[in-house]
Amino acid sequence: MLGNWRILFSHVCSSSFLLLWILVGINVEEVAGSQQGIPLSVVKLWASAFGGEIKSISAKYSGSQLLQKELWAITAPRPGTNSSSEASASVKGNSRINPKNAACLGAWEERGGTRGSPRKHGESVQTAYRKRLLGPNLGPPCSEKYKDFEKSVRVEEIDGVKLVKNLAVKMEEVFRKKAEATRRLVEAAEEAHHQHEDNPDLQYEYFNAVLINEVDEEGNNVELGGEFLLEPNDHFNNLSVNLSLSVVQVPTNMYNKDPDIVNGVYWSEALNKVFVDNFERDPTLIWQYFGSAKGFFRQYPGVKWHPDEHGVIGFDCRNRKWYIQAATSPKDVVILVDVSGSMKGLRLTIARQTVSSILDTLGEDDFFNIIAYNQEIHYVEPCLNGTLIRADRTNKDHFREHLDKLFAKGIGLLGDALAEAFTILSDFNQTGHGSLCSQAIMLVTDGATEMYDDVFEKYNWPERKVRIFPYLIGRESAFADNLKWMACANKGYFSQISTLADVQENVMRYLHVMSRPKVIDHEHDTVWTEAYVDSALSQAHKLKNKAGPSLTTTVAMPVFSTKNETKNQGILLGVVGTDIPLQELMKLIPKHMLGIHGYAFAITNNGYVLTHPDLRPLYQGSQKRRKPNYSSVDLSEVEWEDKDDFLRNAMVNRRTGTFSMEVKKTVDRGRRVLKMHNDYYFTDIKGTPFSVGVALSRGQGKYFFRGNVSVEAGLRDLEQPDVALANEWTYCNTEEQHEHRHLTQIQAIKLFMTGRRPHLRCDRELIQEVLFDAVVTAPLEAYWTGLALNKSENSDKGVEIAFLGTRTGLSRTNLFVPADQLSNQDFLTAEDKEGVFNADHFPLWYKRAAEQVPGTFLYSIPFSTALENKSVVLASTAIQLLDDRKSPIVAAVGIQMKLEFFQRKFWTACRQCTALDGKCSISCDNADINCYLIDNNGFILVTEEQSQGSSLGRWRVLL
């Protein structure tokens, strides 16, 4: 039967962001003489009834009006004072903010009803609300009852330039301390090697990272194992470590007792003392290490390594980014691959692997291209003829895919290929792009019939700017002499690769040659990597972290031989380094100064994101897997509204400046969009290749307020059981001293403010604001407790939690039902990433509420990462300091209620009508009427179709 549909809708309430949609089905054949639809007045009646009740419940149990009154009482101008609320205005009075004085607030009816004269036409909701709160009908102002001490509340506009410069200085200090620790390792390593004389017969037992604490069938310690004391340490991801000694890891394809390995391990034992000393000087240090050019890896603190299921540890320090960047200068490389007929079969397979291994040794500062040649020249990527591209992960992976398409046929004309490679390098260098440092040609072939000295004389002699590195594929040595001559005549190195197992070790040798200029000149350049996760290292440590592996940047320096007899030969001994978790940098960000939507971010000299709230390197789910190309996300990809790349280019060029643009930011895992205007402030971080920026949203996001209370009062209210501080914010740095690590942030604040731990480094300004927030919000504790104890209230336990968050990361919660009876037990816990204060964002319920008129409640159904609703509805509203559009949002409050309770209130309201006899002919119970309640983003909160219950809050109404 054909049908016709009519849609009616109404706002539920002017102070609640919900919309009631009524879908009315009308049978075309029965139109005459039948009900033509629902009068809009009836829909408005339902909306008003439900909106009024749910707003009343939300306001009552959240305590929003109580907290708003408390703030406005503090800032209310006294007779004879200037009532201006402009930025930087100061309002003072003699008042003590005390929960015991909350009795003066009792005159306010916490049921959402009005009091006093009605709001005038054109008068804002906030203004009318404030008049009712502070009007004469409430008796004497509450501020008169606060007499204990002097206070002040001051609104200030945030100076973005000053803010970003201060942040850059803090980050510079962190990086400087890590670089100093690395330099001490360099000095100790070079001195230890200088004092050591190699002994090919040296026998030395060392702690092998894989073999420690291993026993044989008879229960005896295995060779190179031994008893090694390990204790769990939360500073090292709760791994069991030894803080006195380091361990040595040797690649699986190398012999543990090779004389070169044993000698290197012996002299590098001297680093143990420096490792320990560095950690005592800077307890924020994590892993320190020395990667030897011989292949072994010394790591502190000592930790047990575990092979994978195949008994292999796929870790070789020499192909890690930090090693390669520190060992060599940036370079331009052309790889020539012989695909003539003689390269068929295993030789071509080895050649592909050789090229892939060469690509592994190239970093973000290098440029490359690959040319396959036989009687013709074939660019592996035809779209990139005659140029070089950056060796980032995306480009390298793209070329690897093309390597599989190579096949061997014809004859090889090496002379033409060499000429093409020299031409590319010369032309690219003249453009001013590329590395502008070293240049090299990697030749992968099974032989050369001549020396091609005419080509070298034309393109490379006498300067020899381009080094030649031939890789002879196969066991035959008939043409090896020509290739050796090419290498020697062009300051390169010859290698022969017979099997796949030989590939990696032989490819790595070119790095020592490329490092010689740095070694001879003793250039101990400090290098910094982009953000990365070393999955091989994490796997070897059997690291189990619910949040997944964390992003890290590494500071590294090369170690050279300083012996007189080898000084001019340029011998690289290895690379030392230490890791800096990006989480440590996040703790430096003054989140309370950035506002609700503000954030800080940093990028590398290549424009790649080091840290940014929109950098999500891991897939969400039970297994935190890395996304491809996670370490080479460009700033233009996360700040995509900057079409001209002004912000990116300015930061790459290490400028200091400002920029502004309209942006759209997604929240709630991309399901909702907020539109705002951001102002960006940026500068460079001295001593590093990084730049840092902050983004502040215009309007209330550009303003901040300061309030003062006594330390005694603040600490008393801060230590209440319902109070918590943002877990990822730093109020006091408890990591700097070993004796402070056991302290919670609240304990550290108390010790610092009472002068009992003067060596604690704390943010006094932030702490003062936290104490102010603790005092101002203290009346809510007694208020919520009163509601919970009143058995006549919330008898059906529909409201489960009341919660509050402030601009300083302070939160309060109150349970109206036992914890084990909560419908959503993840809410406000570490499992609920979107619902708590994190290092880079405010809670979702706080951010969304801040974008609406204060006093307006927003309603939503939260979802877990598994996209299953939690059978609850969240309601939240923002609390404003002053009745002014520039006034900062200082807090947000809300409640969690059962979804069934929320729906029942809706269906009850939708059965009302204006009939005098109380009999309603029209309601949402009618079969031909479908009623929906949606939120301000179009997500369905209530529907009659029970089968869609699991999708509530996730499905949208699309018209």
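Predicted model: local features only at pLDDT ≥ 70, side-chain atom pairs only at ≥ 80, totals over all residues.
Residues are numbered from 1 along each chain as its sequence is written, and side-chain values use heavy atoms, with hydrogens and water left out. Local features need pLDDT of at least 70 and side-chain atom pairs count only at pLDDT 80 or more, while totals for chains, interfaces and linings use all residues.

The protein has 24 helices and 36 strands, taken as DSSP runs numbered from the N terminus (helices are H or I, at least four residues; strands are E, at least two). Of its 959 residues, 56% are buried, meaning under 20% relative accessible area with a 1.4 Å probe, protein chains only.

Now for the sheet. Three strands line up as β5-β6-β10 in an open, antiparallel arrangement, where pairing requires DSSP to find at least two bridges between two strands. At the edges sit β5 (231-233) and β10 (302-303), each pairing on one side only. Strand β6 (residues 239-242) joins β10 over two bridges, in the antiparallel sense, and Asn242 stands opposite Gly302 in β10.

Over to the helices. α1 (residues 40-62) packs against α22 (residues 764-789) at about 120°, axes 9 Å apart; axes are lines fitted to C-alpha atoms over the stretch in contact, and angles run from 0 to 180 degrees between N-to-C directions. That makes α1 oblique to α22, since angles under 35 degrees count as roughly parallel, over 145 as roughly antiparallel, 65 to 115 as roughly perpendicular and the rest as oblique. Lys60, Tyr61 and Ser62 of α1 meet Leu780, Tyr783, Trp784 and Leu787 of α22, with contact meaning heavy atoms within 4.5 Å.

Terms used:
Buried < 20%, exposed > 50% of the residue type's maximum accessible area, 1.4 Å probe, protein only.
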